[in-house]
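Here are my notes on this one, as numbered points. Have the model open while you read.

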Amino acid sequence: LSPQLELGVRYYWRVRSVNNDGVSPWSAVYNFEFIPKAPVLVSPTSCNCCLRPGMINLRWYSYLPDRTEVQLSSYNSFVNPLFSVIVTPHSYVNGRYYYSFSTYLGIGTYYWRARVISGNGTYSYWTAPRYFWVNAPPATAPIITAPSDGSLVTQTSVLLKWNPVSNATSYQVQVVNENTGIPSGVGTAKTYYSFTGTNDTH
């Protein structure tokens, strides 16, 4: 006896022993349900690395050509997920049906998981969740453009200038008097700073 299991069907079973004197009582009744295999998450993987803010592509595959549900959350409990969407396969390669979903993500820690939904509405288990970080790239030092290093200036106000940095939101400027060793500093959102030594403006 080797019946073909049907997806979404619950089966009940029991067993008893047989010998020359007869048969035993039946065992307790157990049951099981045949459900689809969970999909396999491909990327992003769980790692101590981070992605840049922007469009993030989630990728996974299944061995069945069925719909899948993918969830993204800021919590590993998936309470109030950021989204829960149904996705169909976009390609078939070597026995695997591939899926993907892209979304814009800002800075944060994210968890994602997926499950298969068979044609008759039977759900697989959720995959084990994966996590990834989205963070801005580290700040890089600006390139000073004026005055040039070692310059001799004749004005009481010096315009300090530098090239913009693409991911910078502001800049911190520091000037040190060689006689006092006391730094003078200011924050600015611009790419220049007018330094007078006493009455700083920007």
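Predicted model: local features only at pLDDT ≥ 70, side-chain atom pairs only at ≥ 80, totals over all residues.

**Notes on the sheet, cores and aromatics**

1. Start with β12, which is mostly covered, as 8 of its 10 residues are buried. Buried here means under 20% relative accessible area, exposed over 50%, and partly exposed in between (1.4 Å probe, protein chains only).

2. Residues are numbered from 1 along each chain as its sequence is written, and side-chain values use heavy atoms, with hydrogens and water left out.

3. Which strands sit beside β12? An open sheet of 5 strands runs β6-β13-β12-β8-β9, with mixed pairing; two strands pair if DSSP finds at least two bridges between them. β6 (50-51) and β9 (83-87) are at the edges with a single partner strand each, so one side of each has no neighbour in the sheet.

4. On one flank, β12 pairs with β8 in the antiparallel sense over 7 bridges, and Ser73 stands opposite Tyr111 of β12. On the β13 side there are 5 bridges, again antiparallel, and Tyr111 has Tyr131 of β13 as its bridge partner.

5. β6 joins β13 (residues 130-134) through 2 bridges, and these two run parallel. Cys50 is partnered there with Trp133 of β13.

6. The largest nonpolar core has 15 residues, and those touching the most other members are Leu58, Trp60, Val70, Leu72, Leu105, Trp112 and Phe132. Two or more residues each come from β7 (54-62), β8 (67-73), β9, β11 (96-105), β12 (108-117) and β13. A second, separate core of 9 residues includes Trp162, Val165, Tyr171 and Val173. A core is a set of buried Ala, Val, Leu, Ile, Met, Phe, Trp, Tyr and Cys residues joined through side-chain atoms within 4.5 Å.

7. Aromatics next: the whole structure has 12 aromatic pairs. Tyr61 and Tyr63 make an edge-to-face pair, because their ring centres are 5.8 Å apart and their planes at 85°. (Rings of Phe, Tyr and Trp, its six-membered ring, pair with centres within 6.5 Å; planes under 30 degrees apart are stacked, over 60 edge-to-face, the rest tilted.) Tyr61 is buried at 10% relative accessible area, whereas Tyr63 is partly exposed at 43%. Trp60, Tyr99 and Trp112 form one aromatic cluster.

Terms used
Helix = DSSP H or I, 4+ residues; strand = E, 2+ residues; numbered from the N terminus.
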